Amino acid sequence: MANIHCKTKVILSGENDFFGPGIFYLLKCIDETGSIQKAATKMEMSYSKCCKLINKAEREAGFPFLNRSNGGKTGGSSTLTDEGRLFIKRYASMIEEVAQAGQRIFDVYFHDFP
């Protein structure tokens, strides 16, 4: 028999859903690589889709997640803003706490299943 377990997914919303696991991972990749393009490649997404996700998140959140420097011969770069860094740090803490709460609730209702 399958070992069932609980998975949680946290989506933050304003007027629209704007922040979840995908944009969270994208921003972390940008932070690691210093580049939207490199993060897009790592995530196997198009650069334009990444930009759309970031722009939507920034519009809904009401602040920029990134400081951007356009490309050219030397290439562009992107870094997290202070607000962006704080936001993803808080999101990471929140998803961990939600996962723990979800597991506790799951255990109440499914403790006797194999």
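**Helix packing in a predicted model**

Q: Which elements cover the buried residues of helix 1?
A: This is a predicted model in which local features need pLDDT of at least 70, side-chain atom pairs count only at pLDDT 80 or more, and totals for chains, interfaces and linings use all residues. Residues are numbered from 1 along each chain as its sequence is written, and side-chain values use heavy atoms, with hydrogens and water left out. Helices (H or I, at least four residues) and strands (E, at least two) are DSSP runs, numbered from the N terminus. The cover, counted by contact (heavy atoms within 4.5 Å), includes strand 2, helix 2 (36-42), helix 3, strand 3, strand 4 and helix 4.

Q: Which residues of helix 1 are buried?
A: Buried means under 20% relative accessible area, exposed over 50%, and partly exposed in between (1.4 Å probe, protein chains only). In helix 1, the buried residues are Ile23, Phe24, Leu26, Leu27, Cys29 and Ile30.

Q: Which element has the highest mean pLDDT?
A: pLDDT is the predictor's confidence in each residue, from 0 to 100, and the chain averages 92. Strand 3 (residues 66-69) has the lowest mean among the elements, 92, whereas the highest, 97, belongs to helix 1 (residues 21-33).

Q: Is helix 1 roughly parallel or roughly perpendicular to helix 3?
A: Axes are lines fitted to C-alpha atoms, for helices over the stretch in contact, and angles run from 0 to 180 degrees between N-to-C directions. The two helices pack at about 110°, with axes 11 Å apart. Angles under 35 degrees count as roughly parallel, over 145 as roughly antiparallel, 65 to 115 as roughly perpendicular and the rest as oblique. Helix 1 is therefore, relative to helix 3, roughly perpendicular.

Q: Which residues of helix 4 are buried?
A: The elements covering them include strand 1 (12-13), strand 2 (17-19), helix 1 and strand 4 (77-80). The buried residues are Gly84, Phe87, Ile88, Tyr91, Gly102 and Phe106.

Q: Which residues does Lys56 touch, not counting residues up to four places away in sequence?
A: Lys56 lies in helix 3 and is partly exposed, with a relative accessible area of 33%. With those sequence neighbours set aside, Lys56 touches Asn16, Asp17 and Phe18.
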